[in-house]
Amino acid sequence: MGLRTAVSTSTGLAFAALQYLAAAGLVAYVAGDSAWISIGVAGVLALVAWAFFGELNGMFPTAAAIRRYMSGAMDDRVALSITFTYLSTIVLVVAADAFIVSAALTHVLHVAGWLTAVWTLALLAVAVASNLRGVTAAGWLQDVATSVVLAATVVVSVVALSRSGTALRTPFQPLQHHSAAGFVESVALGIFLYSAFEWVTTNAEEVRDPRHIHRAMLIAVAILFVVCAAMATAMSHVLTHAQLTTAYPQLSLGQRAFGAAGLWLMAAVTAVTALNTFNGGFITASRFVYATAREGSLPPVLARLNDRAVPWVPVLGLGVVSFAVSLVVEAVGGSGWQVLVAVGAALEGMIYAVAAFCVLRLRGRAPDHHRPFRVPLVRVVSVGGLVVFGVLAVVASVSVGNRFDPLPLAIIVGLGLASALYTVRVVPGLQAAEAARRAARPTRRPPRPAAPGPPEPPPPAVP
Amino acid sequence: MATAEEIAEAYADWQGRCNGNARLARMLRGWDRTVHLVATDTGDGFTISVAGSVLADLRHGLVDRPDLVVSATSEDFADLFWGDLNPSDKYVSGEIVLAGSSEDVLRLDAMSMVAFLDQ
């Protein structure tokens, strides 16, 4: 994997269809077209997270990095609980993307709303089937798909802005008619626009040069800032409140830029984002579950492979759970996807705070470990990052659509408790069973022949 | 430390189990790869290759361009080929280091699992 593919992987993992809705939602918290400032501040914070992940990935350049640095920095049960909770973001994003693409399809085809569930089922079925057959997007295809999505989004945003006929209204006054708390909430939501850029660290074993991962994450953050800032500014400027709160604001943006052709263009672009999400999400989640099951921390059935060497139970499970979540989102209606965005933003803030903690803790526990990249002023930056990301995670978890709503927090607490309960109650039993299985299997390696002993001492001389 | 001969003996056993497993043959269909094994403690290098679902004999030295590179101690290689070692544990702990695509890594792990655990 070269630098270009590493960049497209990092950017593509972050830029899901849900990002369009997050950008539209962010506009509600600050004055109109100054949303780019919140995205910029979130981008600066993402750079702090980049520094944390840069140091941790440099120490553990492996797909299992998250397990290694978390178990090195804290109790393994806590590490597992946090990791399982964090992994639920993948389910949420896959579910949300399937729903958004389906809703967009229903909108452009002008068909009955209930068909959205049918499209969702079909999309997830295709994703599951292709994963089970071992089909993965080649690096070049991912490069092209990501470039097309990002370029089309920027072009549509700029054209929509230029055709709106009026100058920007409040490009530098985010607090006009808005509170400082709203600005903080918008930054918390803005974190979500960069979420998952760090997942490229799981490709550490595939890159030609280990430094590619570090550079790719930095470039991805810069690209995401440009694209999301352009998109949010254009949306705030040309879309009505009603358009901003639909499940497909990007289609309205496309329509404002190029008319009906723009509508179809953005529908196609939305579908392409799903390619990246499904490809990355299914592979990342299913392979992690497989590795954890092989390790003995999840039931062995999750490590079963089909004839194409694909862990089929996790793939199927991810498809089923994602479909169930998307049905709930659809049933809840307007605020359903906003809750998902809030949950995702809060979990992302949480994992950035955890990364800050790990950096600091490992500096103490493993001071001599090789670190190709080191976070400068580590105490200040890590403690500051821990506090800021922790606060933003809490803020994001109680904000839905510019109002106080503890539902995302309740979902996260529920997921966290379920993970902790599983880790404390179930994992020890699984590990004991795995240990017993291994102990019951006789060692196959033949014993080494005994090494020749020291030479016999010569017999005492007889006088 | 395991000698090169011990690793070769272990590999021969693993090779026989893998090539005699019908399910693994289906799993390896179309997966033609060259894998380099680097023993970190002895400095020995070995090359294994898969072609047409068949695992070829072990070659001493690092031959051809590898799709996957596995670095571990000689003892770990011997235990792994005898089926006494779960490579996942050593991988997570960082004692086995891999360089290659995640799909190739998964396929290699699958060979151990299917050959010994028949899962």
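## Buried and exposed loop residues

A residue is called buried if 20 or more other C-beta atoms lie within 10 Å of its own, exposed if 12 or fewer do, and partly exposed in between. The structure to which this is applied here is a predicted model.

A:Thr240 is found in the loop between helix 9 (211-238) and helix 10 (241-244) of chain A. Because A:Thr240 has 9 other C-beta atoms within 10 Å, A:Thr240 is exposed. Along the chain A:Thr240 and A:Ser252 are 12 residues apart, and their C-alpha atoms are separated by 9.4 Å.

In chain B, B:Gly83 lies in the loop between helix 3 and helix 4. B:Gly83 counts as buried because there are 20 C-beta neighbours inside 10 Å. B:Gly83 and B:Tyr11 are 72 residues apart in sequence, while the distance in space from C-alpha to C-alpha is 10 Å.

## The nonpolar core

The largest nonpolar core has 193 residues, and those with the most contacts inside this core are A:Ile100, A:Phe197, A:Leu224, A:Ala232 and A:Ala355. Helix 14 (residues 336-365) of chain A supplies the largest share of this core, with 21 residues. When residues up to four places away in sequence are not counted, A:Ala232 touches A:Ala23, A:Leu26, A:Val27, A:Ala35, A:Trp36 and A:Ile39.

## Packed helices in chain A

Two packed helices are described by the angle between their axes and the distance between the axes. Helix 4 (residues 65-73) of chain A and helix 14 of chain A have axes that come within 9 Å and cross at roughly 65 degrees, and the crossing of these two helices is left-handed. From helix 4 of chain A the contact takes in A:Tyr69, A:Met70, A:Gly72 and A:Ala73, and from helix 14 of chain A it takes in A:Phe357, A:Cys358, A:Arg361, A:Leu362 and A:Arg365. These residues divide into 6 nonpolar, 1 polar and 2 charged.

Helix 11 (residues 249-258) of chain A and helix 12 (residues 260-295) of chain A pack at an angle of about 140 degrees, and their axes are 6 Å apart. Helix 11 of chain A passes helix 12 of chain A in a right-handed crossing. Among the residues that meet here are A:Leu253 and A:Phe258 in helix 11 of chain A, and A:Leu265 and A:Thr270 in helix 12 of chain A. The residues of this contact divide into 9 nonpolar, 5 polar and no charged.

## A strand with two faces in chain B

Strand 1 (residues 33-39) of chain B runs parallel to strand 5 of chain B and is joined to it by 5 bridges, and B:Leu37 stands opposite B:Val70. Strand 5 of chain B also pairs with strand 6 of chain B, in the antiparallel sense and over 3 bridges, and in this pairing B:Val70 stands opposite B:Leu98.

## Where the two chains meet

In the contact between the chains, 26 residues of chain B are in contact with 22 residues of chain A. On the side of chain B that touches chain A, the elements giving two or more residues include strand 6 (97-99) and helix 5 (102-117) of chain B. Helix 5 of chain B gives the most to this side, with 6 residues. The residues of this side of chain B divide into 11 nonpolar, 8 polar and 7 charged.

Key. Residues numbered from 1 in each chain as written. Chains lettered and ligands numbered in written order. Predicted model: local features only at pLDDT ≥ 70, side-chain atom pairs only at ≥ 80, totals over all residues. Contact = placed C-beta atoms within 7 Å. Helix = DSSP H or I, 4+ residues; strand = E, 2+ residues; numbered from the N terminus. Nonpolar A, V, L, I, M, F, W, Y, C, P; charged D, E, K, R; others polar. Axes fitted to C-alpha atoms, helices over the stretch in contact; angles between N-to-C directions. Left-handed = near helix turned anticlockwise from the far one by under 90°. Pairing = 2+ DSSP bridges. Core = buried A, V, L, I, M, F, W, Y, C linked by C-beta atoms within 7 Å.
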